[in-house]
Amino acid sequence: MNPLLASHYREILVGVGENPEREGLLDTPQRAAKAMQYLCNGYTMSLDDVTNGALFESQSDEMVIVSDIELYSLCEHHMLPFIGKAHVAYIPTGRVLGLSKVARVVDMFARRLQIQENLTRQIADAIQQITDAAGVAVVIEARHMCMMMRGVEKQNSVMTSSVMLGAFRDSSTTRQEFLQLIGRR
Ligand SMILES: Nc1nc2c(ncn2[C@@H]2O[C@H](COP(=O)(O)OP(=O)(O)OP(=O)(O)O)[C@@H](O)[C@H]2O)c(=O)[nH]1
Ligand SMILES: [Zn+2]
């Protein structure tokens, strides 16, 4: 636990009109600091760490899709959560990535302060970099607490963002197949 972060949380308690000496709040600065560090632990990870060399030779050149990867991130404007799912696809060229590593890449970038568009792009670029794929597609659907709990207070809007690289950008057939398989068309 980072003591400096905890001391800032103590100030936040004072700032919102609370008494940090109240019994229920005595450990809150430490707990909140620990929780926030966890939610931002993507900063401490590298792509090498998360993939751990789990790349396997394969002759398959068919589209691989990992869909409905749940995602918890924090918007960089309000530091409030946005929650949703990511769908990731790539077309291998001789090497496939360990299945769980796709989800680990999503988490590595989600556990940072983000806007959804940049998160989508960073995941796509990373999968491309790791696999040297013929194409990568990432779609994220998420609900933003900053739009639900405050601000415009819209409870049902979902933001969809996508990044298509290589074959997914060049071929509408490939793109359509992907969108169909994740149930978007
Ligand atoms: N494009 C994009 N916008 C986001 C994301 N997360 C939050 N925002 C938006 O960032 C904007 C920040 O706008 P500002 O006017 O500076 O902040 P604000 O006064 O808190 O805005 P409101 O949310 O409209 O009350 C808002 O429109 C948010 O909805 C994101 O992931 N992508
Ligand atoms: Zn926000």
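Helices, taken as DSSP runs of H or I with at least four residues, and strands, taken as runs of E with at least two, are numbered from the N terminus. With that numbering, Leu25 sits in the loop that lies between H1 and H2. The model described here is a predicted one.

**Overall build**

The chain contains eight helices and seven strands, and its C-alpha atoms fill a box of roughly 60 × 40 × 20 Å along the principal axes. Of the 185 residues in the chain, 41% are buried. Among contacts in the chain with a separation of 6 or more, 68% are between residues 24 or more positions apart.

**Two helix pairs**

Two packed helices are described by the angle between their axes and the distance between the axes. The table sets out these values for two pairs.

| Helix pair | Crossing angle | Axis distance |
|---|---|---|
| H1 (residues 3-15) and H2 (residues 28-39) | roughly 120 degrees | within 8 Å |
| H4 (residues 99-110) and H5 (residues 116-131) | about 140 degrees | 9 Å |

The axes of H1 and H2 cross at roughly 120 degrees, and H1 is therefore oblique to H2, since an angle has to be over 145 degrees to count as roughly antiparallel and from 65 to 115 degrees to count as roughly perpendicular. The crossing in which H1 passes H2 is right-handed. On the H1 side the contact is made by Leu5, Ala6, Tyr9, Arg10 and Leu13, while H2 contributes Thr28, Pro29, Gln30, Ala32, Ala33, Met36 and Gln37. Sorted by class, the residues of this contact between H1 and H2 are eight nonpolar, three polar and one charged.

For the second pair, H4 and H5 pack at an angle of about 140 degrees, which makes H4 oblique to H5. H4 passes H5 in a crossing that is right-handed. Val102, Val105, Val106, Phe109 and Ala110 of H4 meet Leu119, Gln122, Ile123, Ala126, Ile127 and Ile130 of H5, and by class the contact of H4 with H5 comprises ten nonpolar residues, one polar residue and no charged residues.

Leaving aside residues up to four places away in sequence, Leu25 touches Leu13, Glu18, Asn19 and Pro20. The C-alpha atoms of Leu25 and His8 are separated by 14 Å, with the two residues 17 residues apart along the chain.

Ala35 has its place in helix H2 and counts as partly exposed because its relative accessibility is 39%. Between the C-alpha atoms of Ala35 and Met1, which are 34 residues apart along the chain, the separation is 9.1 Å.

**An aromatic pair**

A pair of aromatic rings is described by the distance of the centres and the angle of the planes. The count of aromatic pairs comes to one, and this pair is formed by Phe168 and Phe178 in an edge-to-face arrangement, with 5.7 Å from centre to centre and 75 degrees between the planes. Phe168 belongs to helix H7 (residues 167-170) and Phe178 to helix H8 (residues 172-181), the two being ten residues apart. Phe168 has a relative accessible area of 0% and is therefore buried, and Phe178 is likewise buried, with a relative accessible area of 0%.

Technical notes:
Residues numbered from 1 in each chain as written. Chains lettered and ligands numbered in written order. Predicted model: local features only at pLDDT ≥ 70, side-chain atom pairs only at ≥ 80, totals over all residues. Heavy atoms only, no water. Axes fitted to C-alpha atoms, helices over the stretch in contact; angles between N-to-C directions. Parallel < 35°, antiparallel > 145°, perpendicular 65-115°, else oblique. Left-handed = near helix turned anticlockwise from the far one by under 90°. Contact = heavy atoms within 4.5 Å. Nonpolar A, V, L, I, M, F, W, Y, C, P; charged D, E, K, R; others polar. Phe/Tyr/Trp six-rings, centres within 6.5 Å; stacked < 30°, edge-to-face > 60°. Buried < 20%, exposed > 50% of the residue type's maximum accessible area, 1.4 Å probe, protein only.
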